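Have a look at the chain first, and then we'll go through it piece by piece.

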Amino acid sequence: MADGSLPITSLKGKVSDAEWQARVDLAALYRLVALHGWDDMIFTHISARIPGPEHHFLINPYGMFFGEMTASCLVKVDLDGNVIDKTPYYINPAGFTIHSAVHAAREDAHYVMHLHSDQGVAVSAHREGLLPLTQHALIVLPQLAYHDYEGIALNLDERERLVADLGDKKLMMLRNHGTLSVGASAAECWLGMFFLERACAQQVMALSIGRDNVLLAPDGAQEEVRRQTGMGMGMIGGLAWPGCLRKLDRELPGYAE
């Protein structure tokens, strides 16, 4: 069993440069989620596609906390969740169900993040979903899709419906379940989730005074923000990402090992 006590052999120099960079970026995503308090112990997952024709992916070893994740401990799997290289760790196959569906359907889905944060789950269970209450929400809403809850993601048949609901969006609210972010880079995936989670937290706080007492953003302002953010979060994410890594180096170092 992977309990975090097994020695981790560094893979730096033993895998391609492209794979090592994907490992470092993915480990950083796990650590950032932990740093923001959005992890759910050993549950939920973030995955990354390894560049190349093999359609191989990286995902967390089942049993390690997000704050413990390193580039070398991540497990390489194929699109069916089969482990590729020898490793002392194993994965939760059910955890790869959602990720495999998105990776297979979306060429731009290099990184896929799924969380169960308190605020994200709370808004996912709200009948109206995410409301246009804040600037964070207005930035998120044009890229937000919804998928109805069907139970724990063990049924492979659900993948087709989830992908259809996601369409070409980058963010998704999994009803009664949590949040999802897709990115062509780790930076884009992270920034999308950051804005979505912040919007959810702000909505929970705003609705604490009651639904009738909140002010929805005017339609004209919603449309203006939609126009202003039409290029997505890739470029802005690239600007924020180096600072995120510096923050990790200060507060939760060791991910690039």
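## A tour of the chain

The chain exposes about 12300 Å², and carbon and sulfur atoms supply 54% of that area. Accessible areas like this come from the Shrake-Rupley method with a 1.4 Å probe, and for residues only the protein chains shown count as cover. Before going further, keep in mind that this is a predicted model: local features need pLDDT of at least 70, side-chain atom pairs count only at pLDDT 80 or more, and totals for chains, interfaces and linings use all residues. Residues are numbered from 1 along each chain as its sequence is written, and side-chain values use heavy atoms, with hydrogens and water left out.

What is the chain built from? It has eight helices and seven strands; helices (H or I, at least four residues) and strands (E, at least two) are DSSP runs, numbered from the N terminus. The radius of gyration is 18 Å, close to the 18 Å that the globule rule gives for 257 residues, so the chain is as compact as a globular protein of that length. That radius is taken over C-alpha atoms, and the globule rule is 2.2 Å times the number of residues to the power 0.38. Along the principal axes, the C-alpha atoms fill a box of roughly 55 × 40 × 30 Å.

Buried residues make up 50% of the 257 residues. Here, buried means under 20% relative accessible area, exposed over 50%, and partly exposed in between (1.4 Å probe, protein chains only). Among contacts with a separation of 6 or more, 68% join residues 24 or more positions apart; contact means heavy atoms within 4.5 Å.

### The sheet

In which order do the strands of the sheet lie? The seven strands form an open sheet in the order β3-β2-β1-β4-β7-β6-β5, with mixed pairing. β3 (75-77) and β5 (144-147) stand at the edges with a single partner strand each, so one side of each is left without a neighbour in the sheet. Two strands pair if DSSP finds at least two bridges between them. Strands of a sheet pair through backbone hydrogen bonds, either parallel or antiparallel.

Let's follow some of those pairings. β5 runs parallel to β6 (residues 171-174), with four bridges between them, and L144 stands opposite L171 in β6. Helix α6 (residues 186-206) packs on the sheet, where it touches β4 (111-115), β5, β6 and β7 (178-183), and its direction makes about 150° with that of β7. For such angles, axes are lines fitted to C-alpha atoms, for helices over the stretch in contact, and angles run from 0 to 180 degrees between N-to-C directions.

Now for β4. Five of its five residues are buried, so β4 is largely enclosed by the rest of the structure. Both of its faces are covered, with Y111, M113 and L115 buried on one side and V112 and H114 buried on the other. β4 runs antiparallel to β1, joined by four bridges, and S47 sits opposite V112. β4 is also antiparallel to β7, this time with five bridges, and M113 has S181 in β7 as its bridge partner.

### Helix α1 and what follows

Helix α1 (residues 17-35) has 19 residues and reaches 27 Å from its first C-alpha to its last, close to the 27 Å expected at 1.5 Å a residue. That expected span is 1.5 Å times one less than the number of residues. Since 15 of its 19 residues are buried, α1 is largely enclosed by the rest of the structure. After α1 comes G37, with a positive phi near 75°.

Most residues other than glycine have a negative phi, and most peptide bonds are trans. M41 is not a glycine, yet it has a positive phi of about 55°. T44 is not a glycine either, and its phi is positive at about 70°. M41 lies in the loop between α1 and β1 (45-49), and T44 is in the loop between α1 and β1 too.

### Some loop residues

| Residue | Relative accessibility | Class |
|---|---|---|
| K170 | 22% | partly exposed |
| M41 | 45% | partly exposed |
| T44 | 2% | buried |
| S117 | 3% | buried |

S117 lies in the loop between β4 and α3 (118-124). Leaving aside neighbours within four places in sequence, S117 is in contact with W38 and E197.

K170 is found in the loop between α5 (158-166) and β6. Leaving aside neighbours within four places in sequence, its contacts include R106, D108, Q143 and E188. K170 and G192 are 22 residues apart in sequence and 7.6 Å apart in space, C-alpha to C-alpha.
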